[in-house]
Amino acid sequence: MKKNKLKGFTLIEIIVVIAILGILMAILVPSFIGYLRRAKRTSDIASAKEIHNNVNHIITENKPITWYSSSRKSNVKTNAMQSFYSKSGSSYKNIARGGNSKFNKIDENGEPYTIMPVAVLDATTDSKWKNIDQEQIPFVEELNAQMCGSSGTIEIPIKYEPKDDKEGLDRWFICYRVDDPSRIEIWVGVKYGRNSGDTGGSGTPMYRVYPNAVY
């Protein structure tokens, strides 16, 4: 009776297969990582656009608001727009006394400009928007009422991880441009103490997400 011989792979065949797999991995892994990064970036842009739309809605509606100012120790009448642009007095037409909360940035055309943060949100947990300046409390309360719903908090994670920031981004910032305050921008950044350029307790906006994302 003739015995069947089992034929295995030769060493050369195994090496060829491993080489082919290595080439495929070298091609596919970077492409997959790039796809994930683009998907995370797209998700953050969508979140930023939603924040931007909520801010514009509140400013456009411009509801009259009465709130208690602890610094003035009395009730103060204001409106959403006046509260949002409180650093500039009564509206965005009159900018702006100084303060340590301004940040110098570069626009999409490579030109320098300055942003003024209005509110900040912790992106690492369920949280509420917090005002930068006390006069912005009425606007921020309106924003939290609109975005947080019945739960009283909101969680908007930052998914994108810039290559030059290994610790990750953990704050959303609502800002306006000092040179043109009608242009509202949504930024992401880091909490106070994470960056050598920190100038205030609310943190540092580092990357513009909407409009015209730059990260």
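1. The side chains of Tyr 160 and Arg 37 make a polar contact at 2.8 Å (a pair of N or O atoms within 3.5 Å; within protein, one must be able to donate a hydrogen and the other to accept it, and residues adjacent in sequence count only if both atoms are side-chain atoms). Their C-alpha atoms are separated by 6.5 Å, although the two residues are 123 apart along the chain.

2. This is a predicted model: local features need pLDDT of at least 70, side-chain atom pairs count only at pLDDT 80 or more, and totals for chains, interfaces and linings use all residues. Residues are numbered from 1 along each chain as its sequence is written, and side-chain values use heavy atoms, leaving out hydrogens and water.

3. Tyr 160 lies in the loop between helix H3 (137-148) and S6 (DSSP runs numbered from the N terminus: helices are H or I, at least four residues; strands are E, at least two). Tyr 160 has a relative accessible area of 11%, so it counts as buried (under 20%; exposed is over 50%, partly exposed in between; 1.4 Å probe, protein chains only).

4. The structure holds 4 aromatic pairs (ring centres of Phe, Tyr and Trp, its six-membered ring, within 6.5 Å; planes under 30 degrees apart are stacked, over 60 edge-to-face, the rest tilted). Phe 84 and Tyr 85 pair edge-to-face, 4.7 Å centre to centre, with 80° between the planes. Phe 84 and Tyr 176 form a tilted pair, at 5.7 Å and 45°. That pair links distant parts of the chain: helix H2 (residues 80-84) and strand S6 (residues 171-177).

5. One aromatic cluster comprises Phe 84, Tyr 85, Phe 139 and Tyr 176. Phe 84 and Tyr 176 are both buried.
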